[in-house]
Amino acid sequence: MGQTTRTDSLTDVAGLRVGHARVPGDRALSGTTVVLAPEGGVVAAVDVRGGGPGTRETDALDPRNLVQRIDAVVLTGGSAYGLDAASGVMAWLEERGRGFQVGPDPAQVVPVVPAACLFDLGRGGDWRARPDATTGRTAAEAAARTEDGAAVAEGNMGAGTGAVIGGMKGGVGSASILLGSGVTVAALAVVNASGLAVDPLTGVAYGRYFDGHDGPPDYPAAEVHTAAQRRLAEAREESARRSATSARPPLNTTLAVVATDVELTRAQAQKLAGTAHDGLARAVRPVHLLTDGDTVFALSTGTRPVLHEAPDPAFAVQLAAAALNEVLAAGADALTRAVTKAVLAAEGVDGPGGDYPAYRDLY
């Protein structure tokens with residue numbers, strides 16, 4: 001197993017930047033997160049496992065299709081309405097001549113901006129308070145303003161502003177792993193699931209059972225756990241009362257971006273996205289339900305080669321496969337940790353749209 005890197009976040013993959021924007025308003029509880037690629041873009045892929053996804057431009061990431069690189073990924077609240085945030089990111093990129101060039105003039109570009117949304121409608125009390133193109137542009141501008149390698153802001157940020165998991169406040173979390181080969185693998189998660197992130201029998205975040213970086217999990221005292229479960233049950237009941245006009249059953253979704261600096265083909269990136277879902281399944285139970293839209297994007301900046309030198313070409317292929325396996329495993333581990341960090345970083349919200357205590361409030 002590798003070690004955590006500089007900021008223990010997605011931006012430890014050099015060149016990637018992350019920006020958040022929140023929908024304004026006292027009764028608004030939603031936002032958008034943009035992962036901005038370096039100039040020239042990145043290889044990208046996606047794997048959608050949830051039964052109720054809301055996505056945009058994900059077909060462009062199919063390895064069989066034309067587009068080779070993308071310049072940004074949008075994760076957004078607001079359900080399908082919030083996908084409009086990608087329009088703002090597209091406009092921002094076009095103004096800078098970034099995108100898929102379709103004509104002889106360098107300004108003739110079509111930015112390909114894959115996006116995925118989560119359901120948080122009405123969480124702040126206003127059903128119509130959701131991200132739009134302005135929110136997306138603001139998040140892109142925020143990402144561009146950050147320094148290379150700046151830590152990702154976690155908790156109630158961007159797309160995680162209105163995120164909820166199992167009645168408890170969710171949010172944004174990020175983590176990274178530095179492999180012995182020098183390769184960095186990192187993840188960002190927006191945790192908003194129908195399932196649970198915390199073991200109801202112990203009060204331990206599920207991901208902590210698998211996290212070798214931070215040592216064994218701390219088990220809350222029995223009386224603390226009992227009080228926490230009682231408080232959470234009361235909050236769920238109160239939230240259901242306040243949001244009586246909202247969707248039933250609850251609609252959710254966990255979104256993630258997994259990235260590495262190793263050179264991957266689009267097919268290999270798609271494998272990384274798929275394997276990373278295993279990390280999500282360790283941290284959220286149950287997962288990939290019909291009312292979830294769980295989506296994982298995979299990005300490769302390609303600054304490090306994956307192939308190892310070997311005197312026998314056939315053996316070189318085996319070494320490359322072994323190296324790629326290490327990256328795939330690290331992607332799942334990083335996503336597990338990102339989900340856990342999101343839960344631990346979230347701050348409780350008690351407003352007209354519901355009572356959503358945070359893990360830090362309960363334990």
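A: Before the sheet itself, a word on pairing: two strands count as paired if DSSP finds at least two bridges between them. The model discussed here is a predicted one.

The sheet is open and has five strands, in the order β3-β14-β13-β12-β11, with mixed pairing. Because β3 (43-48) and β11 (171-178) stand at its edges and each has a single partner strand, one side of each is left without a neighbour in the sheet. On average, and with direction ignored, neighbouring strands of this sheet are turned by 15° against each other.

Within the sheet, strand β12, which covers residues 184-191, runs antiparallel to strand β13, made of residues 255-262, and six bridges join the two. Here V185 stands opposite T260 in β13.

Helix α4, residues 266-283, lies across β3, β13 and β14 (295-304), and the helix runs at about 40° to β3.

The loop between α3 (222-242) and β13 holds T254. This residue has a relative accessibility of 1%, and since buried means under 20%, T254 counts as buried. Leaving aside residues up to four places away in sequence, T254 touches V190, V191, N192, A193, L280, D294 and T295. Of these contacts, V190 and V191 fall within the residue range of β12, L280 falls within that of α4, and T295 falls within that of β14. The C-alpha atom of T254 is separated by 16 Å from that of D333, a residue 79 places apart from T254 along the chain.

Elsewhere in the chain, helix α1 spans residues 85-95, and its buried residues are A85, A86, G88, V89, M90, W92 and L93. An α-helix has 3.6 residues a turn, so residues three or four places apart point the same way. The buried residues of α1 pack against β2 (31-36), β4 (55-56), β5 (72-76), β8 (115-117) and α2 (133-145). Just after this helix, G97 takes a positive phi of about 70°.

Notes. Residues are numbered from 1 along each chain as its sequence is written. This is a predicted model: local features need pLDDT of at least 70, side-chain atom pairs count only at pLDDT 80 or more; totals for chains, interfaces and linings use all residues. Side-chain values use heavy atoms; hydrogens and water are left out. Helices (H or I, at least four residues) and strands (E, at least two) are DSSP runs, numbered from the N terminus. Axes are lines fitted to C-alpha atoms, for helices over the stretch in contact, and angles run from 0 to 180 degrees between N-to-C directions. Contact means heavy atoms within 4.5 Å. Buried means under 20% relative accessible area, exposed over 50%, partly exposed in between (1.4 Å probe, protein chains only).
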